[in-house]
Structure formats: structure tokens, C-alpha cells
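Student: I have a model open and want to learn how to read it. Where do we begin?
Tutor: With the structure itself.

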Amino acid sequence: MDALNHLQSFVLSAELGSFSAAARRLGLTPAAVSKNVARLEASLGLRLFQRSTRRLTLTEGGERFLQQIGGALATLREAIAGVAEEGGQPAGVLKISMAPSFGRSYVVPLLGDFIARYPGVIPDCHFDNRQVDLIGEGFDVAIGGGIELTPGVVARELGHAHIVATASPAFMRGKAMPAHPSDLAQFDGVARRSAGSGRLRSWILRDGQGGEGVAESRPRAIFDDPDAMAQAAVMGVGVALLPMPHALTHLRSGALIRLLPGWHADSGPLSVYYPSKKLLPAKTRVFVDFLLEQFRQRDFAAQIRPD
């Protein structure tokens, strides 16, 4: 396998532009990656990189070699991953990215059953309130919403996310209930900051009959996490526009009440994303299938519909 390791070190260093970035992907030190590349150069009798303290640049021969082996190496890696099983069972570390609140509430509770079913697979969970580069950052699976469907990425929908207006009964006591999204402007609110732009999010709510209106309240507190927003709303801080998956438990318990019934905003699908490969690793395939099965059995898509 030394030759394969040397080739992997070369290809990732070329694709990512540095030994350090390749080392992070491979779980090695930069010195080990550099040594692997040097050994490959020695075996080929060809200098693959021009090295400097600031840049790593492919030589002409290195560029030609990368074009010749890049696709073949990817196919070989997929084939090895596809048969990496213990006793006929999928095995290996499964690198998963998930939105923190959604992951803790809906995915982590399922992992015990998954691990019991597939003991050879080790979930390596990363909680990110951002859009990850599934392929570039080496994730096997990502779970959440708003991930860009770049070439080579597949999405399987778990349910559709909708935004609804909520508040605690104590906060609304003695106040007139809003009849239109524009009425929310008179209330203190729990606002959300976009992780990508840093701006406060605003939503256009629609009633399904052609009516629409901008839903904005007076910011009383600002968060970048919907679970924290829900908790603040339960405490009576103000009106919160929440994704249904994060509002559902509180609405069912009565800790929050729905404002503007019939009005909601569509924030897109919640999906499980994974790289599109001819030979999908068994660990990825069984996890995706397991997740879809569990969400379907729980009728998740119907539970988070706003009406």
C-alpha cells in the first residue's frame, strides 16, 4: 500500500496546493506527506513539484502525471473503500457534517441503533452552522439544508423546512394577536444572524392563498442558532421565526404558541448529501439508507409541515 499512499499524497497536495492541507485530509503530518511525495519522485525519476517557502507548484511533468493518474486513483480508492469490510460488514470512519441543532435533535438520537446495526462503522460527527465543501473537505455525508449541489454531489430529501412565527404564552399575554406578518413589527423579537453574510435574516411569509408579507420584529436579542432562538422565545424574550423542526417540540408542549396560523416561509429541503460515486463506500451507503429509513418511519416530513 506504500505506492498508493505516495500517490494519494501527491494528488491531494496538487489538488489542495500544499503539503499541510493534504496532511489534514490524510491524517498525517506535513513532513510525512512531503516524504511520500519525495519517495514517489525518486521512484519515478521525475520532479513533480517546484517547492518554495510560500508556494507548491506542479512542474510540467507533474501536471502531465496528475492528468494521467488522477481519475484512475479516485476509482482505485473507491474500490478499496467499497470492499473495506470486517466479517462482511461495512467498516471504517464515517465523516459526517450536520447542522448543530438539527443534528443533536434528530440525528444523534438515531446513532445508537446505527452503531448497534453496523459496529464496524465509526461515526465522526462534525457540527457546522455553515455550508461545508463536501468533497473538498473530505466528508462522506452532510445533513441539513442549503448545501449547494455542486457537480458530484447527490441530495436525498428528508423533509421540507418551513419558517413559522412563534412566541411564549407569557410574552403574548395582554397583547393583541397579529393578523398579518407586518403586524410583527410592533413586537420585540428574537432575531437570527446569517452565518454566511452576518446580516439579520428576514422572511416573507405566505398564506397559500396569494397573500404575503415581510415578517420583521424589533430585535431584542440576536442568535446564530435556531435552538438558542427557541429557548429565548420560550423564556419570553420575544417573537421568534423558527424552522418547524426546532419549533415542533415547544409547540406540542405549549411552551410556544403559533402566531399567524396558516402563514409560513419556505426555506427549502432538509436533505442528506453525499458524493456521487460509481463505487459508493459501503459505510456511506448503509448510513444513507439507514437515515432515510428512520426518517420515513417517523413520518418526519409530515410532522414538520406547517399546517
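**Reading the fold**

Tutor: Of the 307 residues in this predicted model, 43% count as buried. The protein has ten helices and 15 strands.

Student: What share of the contacts with a separation of 6 or more comes from residues 24 or more positions apart?
Tutor: They account for 74% of those contacts.

Student: Which residues of H9 are buried?
Tutor: First, the general idea. An α-helix has 3.6 residues a turn, so residues three or four places apart point the same way. In H9 the buried set includes Thr284, Phe287, Val288, Leu291, Leu292 and Phe295.

Student: How do I read a nonpolar core?
Tutor: In soluble globular proteins, nonpolar side chains tend to be buried together. Here the largest nonpolar core has 39 residues. Phe102, Ile143, Val272, Phe287, Leu291, Phe295 and Phe300 have the most contacts inside it. H9 gives the most to this core, with seven residues. At least three residues come from each of domain 2 (92-159 + 269-304) and domain 3 (161-267). A second, separate core has 17 residues, including Phe10, Leu40, Phe49 and Leu58.

Student: What does Val272 touch beyond its neighbours within four places in sequence?
Tutor: Its contacts include Val141, Ile143, Val154, Leu158, Val288, Leu291 and Leu292.

Student: How many salt bridges are there?
Tutor: Side chains of opposite charge can pair when their charged atoms come close. The count here is five. In one of them, Asp140 pairs with Lys283, the closest N and O atoms being 3.9 Å apart. Asp140 lies in the loop between strands E6 and E7, Lys283 in helix H9, 143 residues apart.

Student: Are Asp140 and Lys283 buried or exposed?
Tutor: Both Asp140 and Lys283 are buried. Now take Asp188 and Arg218, with closest N and O atoms 3.3 Å apart. This bridge links strand E9 to strand E12, 30 residues apart.

Student: Why does Asp188 count as partly exposed?
Tutor: Because its relative accessible area is 25%, and buried needs under 20%. Arg218, at 42%, is partly exposed as well.

Definitions and conventions: Residues are numbered from 1 along each chain as its sequence is written. This is a predicted model: local features need pLDDT of at least 70, side-chain atom pairs count only at pLDDT 80 or more; totals for chains, interfaces and linings use all residues. Side-chain values use heavy atoms; hydrogens and water are left out. Helices (H or I, at least four residues) and strands (E, at least two) are DSSP runs, numbered from the N terminus. Buried means under 20% relative accessible area, exposed over 50%, partly exposed in between (1.4 Å probe, protein chains only). Contact means heavy atoms within 4.5 Å. A nonpolar core is a set of buried Ala, Val, Leu, Ile, Met, Phe, Trp, Tyr and Cys residues joined through side-chain atoms within 4.5 Å. Domain bounds come from an automatic or database domain assignment. A salt bridge is a side-chain nitrogen of Lys or Arg within 4 Å of a carboxyl oxygen of Asp or Glu.
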